[in-house]
Amino acid sequence: MKTQTKNTFKIFWRHAWRYPGQAVVLILTIIAGNAADLYAPLLYKRLFDTLALGDGKAVASLVTVLLLILGVRLIHWLFWRVYWYTNATFYARVMSDLLNTCFEYLQRHSYNFFNNNFAGGLVRRVNRYPKAFEEIADQLTLNIGQAVLRVGVILAILYFRHWALAAIIFGWAVVYTAFSIWFSRYKLKYDAERAKVDTKTTAHLADTIANNINLKIFGGTLRETESFRGVTDELYRIRRFTWILGWSIDSVQGLFAVLLEFGIFYAAVGLWQQGILTVGDFVLIQAYLLQIFWVLWDMGRYIRRMYESIADAAEMTEILTTPHEIQDAPGAGNLRVTEGAIEFQDVSFRYHSKKSILKHFDFKVVPGERVALIGPSGGGKSTVVRLLLRFYDIESGAVLIDGQNIAGVTQESLRDVIALVPQDSILFHRTLLENIRYARPSASDDEVKEAARLAHCHEFISEFPDGYETYVGERGVKLSGGERQRVAIARAILKDAPILVLDEATSSLDSGSEQLIQDALKNLMKGRTTVVIAHRLSTIMQMDRIVVIEKGAIVEEGKHEELLKAKQGIYQKLWRIQAGGFALPPLPRRKKKQGV
Ligand code: ATP
């Protein structure tokens with residue numbers, strides 16, 4: 001927590017100091033505004049001392065004092081206007097910068113990172129971050145900073161009236177502030193806990209919203225409502241506890257204030273008796289006491305709020321200070337692909353330390369070859385593709401493209417040369433035109449439409465009232481699975497990359513669309529190295545080579561006919577199951593009815 005707090009301040013400072021001019025104006029206007037406020041009671045003291053003289057001729061000097069008070073108040077007014085104007089520009093700018101930093105850093109985290117973190121939780125952390133900056137900066141400059149400044153100056157002024165007054169206030173302020181800080185620190189761990197439970201609640205909410213269809217089809221609404229209630233109960237308990245802790249400090253503070261007021265006036269009466277203090281001094285003390293109560297009363301809350309914000313920010317700071325899991329090697333160059341050869345050399349890989357997925361895995365695809373990866377579920381086919389895209393780093397061995405180790409080139413250049421059509425294509429809630437163009441932002445409208453035509457998207461897109469300008473809904477939910485898949489194929493066509501990876505690209509298609517897609521894919525595969533994770537016979541049969549992967553190892557490979565010949569082979573078994581599934585049962589012979 002301590003290092004996270006330090007890091008949070010470092011990050012906030014780095015962003016704030018991008019605008020040093022505005023930061024300095026903010027500090028100076030706070031100082032000037034406070035100086036005016038602190039000077040006013042001295043003028044009131046003069047006013048009352050003059051009044052106490054009871055001299056009717058002193059009117060002129062009374063008016064002078066009143067004019068001075070007016071001047072001080074106007075200066076105070078002016079500085080604060082400048083402060084708030086600068087504040088609006090400065091805070092809005094820094095908060096946007098922080099959001100951008102969070103966005104950029106977060107998006108560069110690995111595939112695995114996003115698998116391990118809920119979208120809702122991440123969104124909340126990002127959103128809280130600039131708010132935490134605003135809160136912390138406000139507390140430090142406007143509230144805590146102002147309090148320190150005011151109390152310091154008040155102590156100095158009262159010291160010149162009589163040291164005892166300053167001593168009482170100083171002693172009181174030290175005990176009071178120490179108590180506030182101790183209490184807020186004590187509360188910090190509960191604030192951190194509250195932030196965690198808060199994030200958990202949002203994450204749960206987001207997860208169940210994303211899974212709403214599962215709630216419906218599995219009758220899970222009641223179950224989920226109950227489990228959500230469990231989380232909110234936890235939130236209720238921790239929130240209630242932290243709030244009660246928060247309010248209990250107010251009661252203690254109230255007592256502190258009463259004691260100070262009594263103590264200082266008691267001392268002041270004694271000093272007045274000795275002729276040291278005047279009537280005006282009582283006005284001065286009263287005005288300063290009010291200012292002290294005003295700035296210090298909320299001091300405890302400011303410190304608490306600052307700690308709360310530090311706790312809120314810590315979650316995002318952790319993300320911002322966690323190195324990206326997959327990083328470009330220092331000085332990594334771009335991958336240059338001329339042929340499109342792929343090679344896995346003695347690759348070992350595991351997701352978790354306990355279970356090894358690939359062990360000394362060797363696999364080669366020659367340029368332009370079309371290879372189908374098949375095998376039982378969980379065998380490691382998708383893992384091979386993920387490693388090719390460097391979504392994960394391997395334990396040992398090397399993955400090479402055209403003889404270049406993919407760990408030594410930039411991730412961007414690697415992913416530039418591979419077009420992936422995933423199993424479940426997710427789309428942005430943007431127009432179809434934008435979604436397809438995502439693969440190549442520089443593509444013209446005509447190029448996008450040509451790709452859509454080749455992927456057989458054009459037919460269904462033209463039927464939408466808004467055509468290519470149709471918004472597809474969050475994650476593309478307004479399209480059918482097959483339509484989404486065709487959009488993904490259109491993207492791959494537009495990307496025009498030398499290596500093509502299809503992950504069950506035809507799984508959501510009816511046989512009519514599948515035929516169309518097969519044509520499109522045939523064209524797409526021409527001249528490209530292609531790796532297909534396939535279950536369907538139609539896909540497999542087009543391939544130059546079939547590789548059967550089981551338990552992270554290649555157990556069979558060859559052409560379709562060769563593998564079929566292998567007695568008791570896995571491929572033969574899979575083929576039989578699928579072919580059996582497709583074959584229609586023989587129709588019962590109908591007897592001809594007589595006389596019809
Ligand atoms: P399928 O045909 O069902 O898609 P597959 O052959 O593609 O399966 P992989 O997805 O590569 O199999 O998974 C291989 C093994 O790795 C499985 O045991 C799976 O549980 C495990 N695995 C996959 N992804 C992860 C992950 N992110 N974290 C931990 N284990 C994982």
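Helices (H or I, at least four residues) and strands (E, at least two) are DSSP runs, numbered from the N terminus. The views show a predicted model, in which local features need pLDDT of at least 70, side-chain atom pairs count only at pLDDT 80 or more, and totals for chains, interfaces and linings use all residues. Residues are numbered from 1 along each chain as its sequence is written, and side-chain values use heavy atoms, with hydrogens and water left out.

**View A. Nonpolar surface patch with helix α2 as its main contributor.** Leu28 lies in helix α2 and is exposed, with 53% relative accessibility; exposed means over 50% relative accessible area, buried under 20%, and partly exposed in between (1.4 Å probe, protein chains only). Together with Trp13, Trp17, Val24, Ile27 and Ile31, Leu28 forms a nonpolar patch on the surface, with about 610 Å² of accessible area in total. Patches are made of residues with over 30% relative accessible area and no salt bridge; nonpolar side chains (Val, Leu, Ile, Met, Phe, Trp, Tyr) are joined within 5 Å, and like charges within 9 Å. Accessible areas come from the Shrake-Rupley method with a 1.4 Å probe, and for residues only the protein chains shown count as cover. Helix α2 spans residues 20-53 and gives four residues to the patch.

**View B. Surroundings of the ligand.** The ligand is surrounded by 15 residues, the closest being Lys355, Ser377, Gly378, Ser382 and Thr383; a residue is near a molecule or strand if one of its heavy atoms lies within 4 Å of it. Helix α11 (residues 381-388) supplies the largest share of this shell, four residues. Polar contacts are pairs of N or O atoms within 3.5 Å; within protein, one must be able to donate a hydrogen and the other to accept it, and residues adjacent in sequence count only if both atoms are side-chain atoms. An N or O atom in the side chain of Thr383 is 2.4 Å from an oxygen atom of the ligand, the corresponding distance for Ser377 is 2.5 Å, and a polar side-chain atom of Ser382 lies 2.7 Å from a ligand oxygen. Of the 630 Å² of accessible area that the ligand has on its own, the protein covers 71%.

**View C. Salt bridge between Arg150 and Asp37.** A salt bridge is a side-chain nitrogen of Lys or Arg within 4 Å of a carboxyl oxygen of Asp or Glu, and the structure holds 26 of them. The closest N and O atoms of Arg150 and Asp37 are 2.6 Å apart. Arg150 lies in helix α5 (residues 119-161) and Asp37 in helix α2, so the pair ties together parts that are 113 residues apart in sequence. Both residues, Arg150 and Asp37, are buried.

**View D. Salt bridge between Glu557 and Arg545.** The side chains of Glu557 and Arg545 meet at 2.5 Å, N to O. Glu557 belongs to strand β10 (residues 553-558) and Arg545 to strand β9 (residues 545-550), so the bridge ties together parts that are twelve residues apart in sequence. Glu557 is partly exposed, at 43% relative accessible area, whereas Arg545 is buried, at 14%.

**View E. Positive phi at His360 and Asp496.** His360, found in strand β2 (residues 356-365), has a positive phi of about 45° although it is not a glycine. His360 is exposed, with a relative accessible area of 53%. Asp496 is found in the loop between α16 (481-495) and β7 (499-503), and its phi is near 55°.
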